[in-house]
Amino acid sequence: MIKPDRLKRKMRVRGRITGSETRPRLTVYRSNTTMYAQTIDDIKGVTLAEAHGADSVKVGSEIAKKMSALKITSVVFDRNGYIYHGRVKALADAAREGGLVF
């Protein structure tokens, strides 16, 4: 169950951003043990790339590598209601170091 504060943040952020073919949405989900990242083209409704693992830095660099293989360098970051801190920030920084622009 999503906590009410996170749900409010998620809906507020998600209402403003959308992913396209040229600039897909990079969304993040974190569980207690694993970080998940995927890039989504919201117009077509397809997932372009995904990565998951226990280390958020590795997940960020892996998703950046997969996106560069698809020749996509610019994305829209969707933190999925999470505060931009800790593991979410580490994943975003690693994706930026891997070549993604957001």
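## The largest pocket

The largest pocket in this structure has a volume of about 180 Å³. The structure is a predicted model. Residues Met1, Ile2, Lys3, Arg6, Tyr29, Arg30, Ser31, Asn32, Tyr82 and Arg87 line the pocket. Sorted by class, this lining holds 4 nonpolar, 2 polar and 4 charged residues.

## Confidence of the model

Across the protein chain the mean pLDDT is 94, and 100% of the residues reach 70 or more. Among the elements of the chain, helix H1, residues 4-14, has the lowest mean pLDDT, at 89. The highest, 98, belongs to helix H3, residues 87-97.

## The nonpolar core

In soluble globular proteins, nonpolar side chains tend to be buried together. Here the largest nonpolar core contains 19 residues. Leu26, Val28, Val59, Phe77, Leu91 and Leu100 have the most contacts inside this core. At least two core residues come from each of strand E1 (25-30), strand E2 (35-41), strand E3 (46-53), helix H2 (56-69) and H3.

One of the residues with the most contacts inside the core is Leu91. Apart from neighbours within four places in sequence, Leu91 is in contact with Val28, Met35, Ala37, Ser56, Val59 and Gly60.

## A buried threonine

Thr39 is part of strand E2. Is this residue buried or exposed? Thr39 counts as buried because its relative accessibility is 0%, and the cut-off for buried is under 20%.

If residues up to four places away in sequence are not counted, Thr39 touches Pro24, Arg25, Leu26, Val46, Thr47, Leu48, Ala49, Ile63 and Met67. Of these, Leu26 is also among the residues with the most contacts inside the largest nonpolar core.

How values were computed
Residues numbered from 1 in each chain as written. Predicted model: local features only at pLDDT ≥ 70, side-chain atom pairs only at ≥ 80, totals over all residues. Heavy atoms only, no water. 1 Å grid on protein atoms, 1.4 Å probe; cavity = no way out; pocket = protein on both sides within 12 Å on 5 of 7 lines; lining within 4 Å. Points joined across faces, edges and corners; volume = space filled by probe spheres on them. Nonpolar A, V, L, I, M, F, W, Y, C, P; charged D, E, K, R; others polar. pLDDT = per-residue confidence, 0-100. Helix = DSSP H or I, 4+ residues; strand = E, 2+ residues; numbered from the N terminus. Core = buried A, V, L, I, M, F, W, Y, C linked by side-chain atoms within 4.5 Å. Buried < 20%, exposed > 50% of the residue type's maximum accessible area, 1.4 Å probe, protein only. Contact = heavy atoms within 4.5 Å.
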